Structure formats: C-alpha cells, structure tokens
Amino acid sequence: MSADGALAASNLFKIIVESHLKAAADSAFEDSDDAEYFHVSVSKRDEQLALYALIARAAADTTIPFLEQLFSERFARLSQQRDVENDPTRTLEELYWLLLITSHVLTDSGEGETLLIPEALQAGFTNVVEVAQHPVVTLSWSIINFSRQCLDPGIRGRYFSPRLMEAVIWFLARWVATYLVPLDVSREIDSVGRHGSQHSRKLLNSFAWDNNQGELVLDFVVLMSMVALTTYQGEIELQTLTCQKLLASVVRRKHTCAYVVQLDSWRDLTRAFASGRSLFSLSGRLQRSLAETLACAASCIKDPEASVQYLRDLMGPVAGCLVENASRSDLKSVAHQPDVIYMVCCLLERLRGAARATQPRTQKVLFEMGHTVMNSLLTLLEVYKNQSEVIYMILKFVVDFIDGQAVFLDGKETSVLMSFCLRLLQIYSSHNIGKVMLSLSSTLRSESQSEKYKDLRALLRLLTNICSKDLVGFLSDSNIEGSPDIAEVIYVGLDIVTPLISLDLLKYPKLSRDYFVLMSHLLEVYPEKVAHLNRDAFGRITGSLEFGLRNQDGDVVERCLTAVNALASYHFKERLGGRGGLGSQVMESEGSNGKLQESISSHFLRLLLQLLLFEDFRMELAGSAADALLPLLFCEQELYQRLVHELLEKEQNPTVKSRLALAFHNLTSSNNLSSTLDRPNRQKFRKNLRVFLGEVSGFMQIK
C-alpha cells in the first residue's frame, strides 16, 4: 500500500476506535438488558471487528502503537480509580471493547486450522531492532499483565465481571494458539536472515518464549481457567469459552501441551477433576469437553508409563465412582432421586469425553477404563429403563467408546466388547426402551421435536460403529469360543431397530442419514444376514431403501444406491454359485392389473430405470447408479429386454425411437461388457451409463 493509503487507513482506524470507545463508555450506565441481543449478534459483531482489523493491519506501524497507548492509559486509569474509590464502569467498558478489537488485530480466527501470526504483522515493523520495543510485543504483554489481575480475589470481585472475563479468555485462547509457536519455527526463520522483515518475523515468532515467559503464560492460563470454572458458577458462556477454547488451545499443539502437563497448576486441575467436587457444577456438555481435553494431554507425556499413570489417576476415580454408584445396595430406592441421576449423568459424560480422546498410546488404558464400567452400565440400563436421559447417555458413551477403540482392538478385546454390546442390546430390547408410536410420528413438525428419538439415533450409530469394526479389523483370529461374533450383535441390533423406523421418521435429516449409513455398511458387510431376515423385517429394509432413493439429500440417495448394489451383487454371486440368493424374498408393487409380487432384483431394476429415465436424477450420482444397475441387469436380463421393448413400442416419433434403441443397445453392448462384477467391467459400465444419460436427457420426457 502506498504511503498515502497507509495514512488514510491509519486515520480511518483511529476514528473507528475512538467512536466505539465513546459508545462503550456512554453505554456503561444503561439499564436496558441487552443480553439476548448480545448473544444473537456475536457473529455479526466479530465479522465487523475482523473488517476493522484489516484496516488496522494496513497501517500496523501506527495502529498497533495506538492500541497499546489506549490500553495502557485505561489500565493505568483503572489503578488510579482503585486508589480513590471512583466508579470504574466506564473504563471497564472501554477495556472490554479494546480487548475485542485487539484480539482481531493481533490474531486470526482460524477455525479448524493451525493459527499463524498475521502476515501483515510479520512483514511490518522493519525498523524495530529490540524485542522490548516491538509494538506487538508491548501490546501483548500489556494485556496479559492486565489479565493476571483476575487471580487476586479482591481485584477480581471488583473489576472482572463475567462479561469482561469472557473477553479476556477469548483473547488469551487466540493469542496462545497464535504466538506460542514451536521454537523450531523461529530457528527456521533465523536461518534465513536477520535483516528487515526477517528480523521482525524472528522477534514475533520467539518473543513469547524469551526468559521462560511462555511457561509463565501457560501457568497463568491454567490458573485462570480454574478460577473461571470454579468461581463463576452458572456462567455458561464463560465456562464454555474456558473449556472449549482456552484449555483446548493449550492442548491442541504438542509443544505447548508438553510444557503444560509438567506444571503444578495443571496437576491441581486434574486432581480437582478426578477427586474434587467443585467441577461437578459444570453442565454435562462441558464435563465431556473438559474430560476430553484433560485426557488428550496424556499423549504429550513422553514417558509411556507416566502417560498411562496420568490417565489412571485422571479417570480411575471417575470410573470407580460410577461402579460404586451402580453397586449400591439401595440403588433401586435412591436411583431416581435428582441428585443421583445428575451424578450418574456427569460421570457418564466424563467417561464419554475420555473415550473421545482415544489415541494409539492411550488406547489400552482407556479400554481398561471401559472394561471396568461395563457391568455397571448394564446394571444402570436395567435400573433406569424408564429414564430416557440416562439411557441416552449410556448409549452415547458406548457409541464413542467403540468409535475410538475399533481400529486398535485385538481378538480378545473385541470378544469382550461384542459380548457387552450383545447384552446391552438384549436388555434394551427386553424393556422395549425407545419404542415409538408410529401413528404419532407423523404429527412431528420440527427437527427439535424429533429429539425424543435420539436414543434411536444412538442405536443406529452404535451398530454402524460395530459394523465398521469388522471392515477395518479383519477379525479372523478373534472368534473366541463362546463369544458372540460381530455379525450376531449386528443381527440382534437390526432386529431391534428396524421395527422402530417408519417412513415418517425418515423424513428427519439426522435420523435419515444415520439410518442409511448403517444400511449401506450392513448390506456391504453382511448381505447374507439381511437375506435371511423374516419377510416383515426384510420388507421394512427394502421399503426404506425405495424411500431413500427418492430423497432430496444426495448423500442419502448415494447410500441407498450403495445398499442396492450390495444386495444385487450378493444375489448375482449366489445365483452364479448355484444357490438361491434372495429368491425367497419377494416384494409387492403396483402393476397395471393391480398388486403383483416380484423378486427383489426385478423390483429395483424397474425402480432404477424409472428414476434414470423419467425423474430428475443427479448426474453426479451416475457412478453409484451404474454400480447398482449392473448386477440388476445381470440378474434380470429378460425383464430388462422386455421393459426396453415396451418403452420403444410406446414411442411414436421414429427418430426418437431409433435413437433410444441405439442408446439402450450401447448401454449393455456385449462388445465391451462381460458378465462379471470386477472393477474393469464396472468402470466400463459407469462410462456407458454417463454416455447413455447424456444422450437420452435431451429427448426423454415424462410420458
């Protein structure tokens, strides 16, 4: 940017800041409650501040010192007001706004990415030689020194409202993730050169670790987190930022995590979590989030034995407390007391958070944790059979536990887990938990009302995770005598789930996606199990697939095409081997002479041709449609020829008729297709179908 442009940006930014500071000070004594408006407009506010930050970075040489001056003045004014007992409200409002805008100027949001120091700040300040004179450094330490004041109970009680604490924690979370960069990054920059912008880059990428400042900041961050979680009880927004932003940012990067796990303050936090009572005041969602963050830190402990011991100390008391509650002699009489239900739910959320933190180094010890509580979970499932909240928590823990463990389990562990899952499903079924009145499901009018079926969704995910275990595990060595195999568990689960699924329920996107993910996995891995279901159960599955093929969600349609492909391929291979395949299963459909019975392959061949020729079919799904259609054509060649002949006979236009005949001929021409389902043949047919759809789309209309 030119010098004039930078000057204009600097002047504009100063006007913006001064006007907002005035507005903040003027609003200090307003009585109106803007809390609801504030929460609604947070994203809009951040978007606006991010745009202001771009203006500031365009003239960083002047705007950063300007912000540092404003913040230092307000900080000093606050200290003076403390001495003379003046009302600090106006100053605190100004500090609150300065924290927000400064956070945007110094850091990027970087959701889902590794945060970097903004390029405009790294490339600027070429004339700065000493780190103590760098405006970004002085502004950072000024805010951090102000934030440290919250550790003093007296100062905290007078100045640090929950709202100001939210701004401080939000700033620190972004700053820690941005400026506590790995030391090797600064060394790499140093090796390139020490002149101009390179020297400024070196300063910004290393100043946070100079003189052990990085370790001191991390210690302060942990101490401040404890204050926010224990002192500001009931402040959900503040505690959410602490658990999900600040502590998560400390653990996310290995180099900061490696430092933080050695701190006494971190050990105090883990002890308070494992054995204390103060953190039980957090909501269930935050219990889970905090447990996941604390458990993730174990992977950053270099000594494997110390890492295992850390997790045992962290989660052992939690698992032990759950076992103790489930083993109480008076459990049935006290189980439904609110405080007991709350405690059980908190413990389950903590176990679920730890399960979600499973990594290769921590898998064994977390499996031990899960194994310890398995019998207790079954007991609780029996006791709380009419308590949907607890049932849902148990199911979600098992879902996350299997999801984290699946890729690591050996044969013995798999056997233990499958026995537990089978017993869990049997108990669930025996109490008919989650049974829905299908006649009532059509009265649902919103996604929020469908939450009453969340235990059904959890069951679907549970079965999907079990099914995926067989996909990744190759468990030929895991069939221990007397233990159920995965297929048996899947079969029992399927027998429970399918009667509960109605076409009305499949109109709800979340439930629909979970259901069809399970169906596609199941039919790919265990088509023979599905083939031997009773007629009603099999009819429910095929009926749901027919419904899904006409869904508006492309992912659902693709899953259904995958499931049809698996069914048809199984039927074709069975017939090729001289067996019956799906011959015993028939479907009823509407024909010209009323209802008719036909085979599964005949029914889906008619349906797919109807979709491809006469309905609005998405071309991006042509590959999946080809994979489903090819085995159907091999199974029902006579029907296919008859359907094509009927279509051509109805066509009155000779030109269209001849073009259609040629297109159908090229689609299944024996010159480039063989009667196999190998990969080359499927690829040829995919190409044929795309060409076919391109040719007929121009002149096929709904007849």
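Glu-119 has a relative accessibility of 46% and therefore counts as partly exposed (buried is under 20% relative accessible area, exposed over 50%, and partly exposed in between, with a 1.4 Å probe and protein chains only). The structure is a predicted model, in which local features need pLDDT of at least 70, side-chain atom pairs count only at pLDDT 80 or more, and totals for chains, interfaces and linings use all residues. Residues are numbered from 1 along each chain as its sequence is written, and side-chain values use heavy atoms, with hydrogens and water left out.

The side chain of Glu-119 meets that of Arg-201 in a salt bridge, at 2.4 Å from N to O (a side-chain nitrogen of Lys or Arg within 4 Å of a carboxyl oxygen of Asp or Glu). Glu-119 belongs to helix H6 (residues 119–123) and Arg-201 to helix H11 (residues 197–206), so the pair ties together parts that are 82 residues apart in sequence. Helices here are DSSP runs (H or I, at least four residues), numbered from the N terminus. Arg-201, at 16% relative accessibility, counts as buried.

By this rule, the count of salt bridges is 26. Another of them joins Arg-163 to Glu-93, with the closest N and O atoms 3.0 Å apart. Because Arg-163 is in helix H9 and Glu-93 in helix H5 (residues 89–106), this pair ties together parts that are 70 residues apart in sequence. Glu-93 is buried, with a relative accessible area of 18%, whereas Arg-163 is partly exposed at 33% relative accessibility. Arg-163 also lies over the face of Tyr-96, at 3.9 Å from the ring centre (CZ of Arg or NZ of Lys within 6 Å of the ring centre and within 35 degrees of the ring normal).

Aromatic pairs number 15 in the structure (ring centres of Phe, Tyr and Trp, the last by its six-membered ring, within 6.5 Å; planes under 30 degrees apart are stacked, over 60 edge-to-face and the rest tilted). The ring centres of Phe-75 and Phe-146 are 5.4 Å apart and the planes are at 80°, so this pair is edge-to-face. Phe-75 is in helix H4 (residues 60–84) and Phe-146 in helix H7 (residues 135–148), 71 residues apart. Both Phe-75 and Phe-146 are buried.

The largest nonpolar core has 239 residues, and Phe-146 is among those with the most contacts inside it (a set of buried Ala, Val, Leu, Ile, Met, Phe, Trp, Tyr and Cys residues joined through side-chain atoms within 4.5 Å). Helix H9 (residues 162–179) gives the most to this core, with twelve residues.

Notes
Helix = DSSP H or I, 4+ residues; strand = E, 2+ residues; numbered from the N terminus.
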